Amino acid sequence: MQYETKFCVNCATALQWKVMAEDSGDVSRLRCPACGWTHWGNPTPVLAAVVENDQGQVLLARNALWQPGMFGLITGFMEAGESPEAGIAREVLEETGLQTQALRLIGCWEFLRMNQVLIAYHVRVAGQPDDVRLSPELVEYQWKTAQDVLCWPSGTGYAMAEWVKSKGESVRFGAFRPNQNPEPDPAKWPVNYWQEDARFVVAPRLG
């Protein structure tokens, strides 16, 4: 559930929309008329894991709030005082009971509807496929090979697509939920690397 910030966290005064000059020019934000505190509304960092086992399969799970047939990656919020790497290892352990053996950063994507930024990792875990012990938040899981998995056209789905591509397989997209457009955003897939150095990606145009 998303909550709306209505009061100043410093002095509890009701916030008001006020225009002030910032680096980018005049910007209207929720601000406190008493102490000047500003509600920036910055995106929340969310960690996601493409969990791979020793058999080369990827783990997909269904959240208890999702309808049957909807499966996604293991995700969770980063906590204060931990690194993203420690955070995703903790989330994988809490949500699946599996210990992270190795991990690498896949990439970052926006999730505008929830005002979140997704930080996705490729996580290798030890053990057998039936070693999974789901948390109460998850009700069902499945293991898929890179050949069988369908990616979805949103942040974590693009992380999955990168994993499939790294396995040398053709990436296939499908709808995550009913009535969703199954086609990927051409601005996000395939990734358009800067031709002179594959570590760089083409920057978005501003203004």
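Reply: On a 1 Å grid over the protein atoms alone, a pocket is an open set of points with protein on both sides within 12 Å along at least five of seven lines, while a cavity is a set of points where a 1.4 Å probe fits but cannot get out; lining residues have an atom within 4 Å of a point. In the largest pocket, 37 residues form the lining, and Trp66, Thr75, Phe111, Met114 and Gln116 are the ones nearest its centre.

Me: What kind of model is it, and how are residues numbered?

Reply: This is a predicted model, in which local features need pLDDT of at least 70 and side-chain atom pairs count only at pLDDT 80 or more, whereas totals for chains, interfaces and linings use all residues. Residues are numbered from 1 along each chain as its sequence is written, and side-chain values use heavy atoms, with hydrogens and water left out.

Me: How much space lies in the largest pocket?

Reply: The largest pocket holds about 1,200 Å³, where grid points are joined across faces, edges and corners and the volume is the space filled by probe spheres set on the points.

Me: Which elements supply its lining?

Reply: At least two lining residues each come from strand 5 (58-63), strand 6 (74-77), helix 1 (84-96), strand 7 (100-111), strand 8 (116-125) and helix 2 (155-166). Strand 6 gives the largest share, with 4 residues. Helices (H or I, at least four residues) and strands (E, at least two) are DSSP runs, numbered from the N terminus.

Me: How many helices and strands does the protein have, and in what pattern?

Reply: There are 2 helices and 9 strands, and along the sequence they follow the pattern β-β-β-β-β-β-α-β-β-β-α.

Me: And the overall dimensions and surface?

Reply: Taken along the principal axes, the box filled by the C-alpha atoms is roughly 60 × 45 × 35 Å. The accessible surface comes to about 12,700 Å², with 52% of it belonging to carbon and sulfur atoms; areas come from the Shrake-Rupley method with a 1.4 Å probe, and for residues only the protein chains shown count as cover.

Me: What share of the residues counts as buried?

Reply: Of the 207 residues, 36% are buried, where buried means under 20% relative accessible area, exposed over 50%, and partly exposed in between (1.4 Å probe, protein chains only).

Me: Is Trp163 buried or exposed?

Reply: Trp163, which is found in helix 2, is buried, with a relative accessible area of 0%. Leaving out residues up to four places away in sequence, Trp163 touches Val50, Glu52, Gly56, Val58, His122, Lys144, Thr145 and Ala146, a contact being heavy atoms within 4.5 Å.

Me: Where does Val51 sit relative to that?

Reply: The C-alpha atoms of Trp163 and Val51 are separated by 9.9 Å, although the two are 112 residues apart along the chain. Val51 belongs to strand 4 (residues 44-52) and is buried, also with a relative accessible area of 0%. Beyond its neighbours within four places in sequence, the contacts of Val51 include Leu59, Ile74, Val92, Val123 and Trp143.

Me: Changing topic, what should I look at in the backbone?

Reply: Most residues other than glycine have a negative phi, and most peptide bonds are trans. Against that background, Trp189 and Pro190 are joined by a cis peptide bond with omega of about -5°, and Pro190 is in the segment after helix 2. Asn115, in the loop between strand 7 and strand 8, has a positive phi of about 55° and is partly exposed, with a relative accessible area of 32%. Asn179 has a positive phi of about 75°; Asn179 also lies in the segment after helix 2 and is exposed at 86%.

Me: And where is Ala34?

Reply: Ala34 lies in the loop between strand 2 and strand 3 (38-39) and is exposed, with a relative accessible area of 56%. Not counting residues up to four places away in sequence, Ala34 touches Cys11 and Thr13, while the C-alpha atoms of Ala34 and Val164 are separated by 53 Å.
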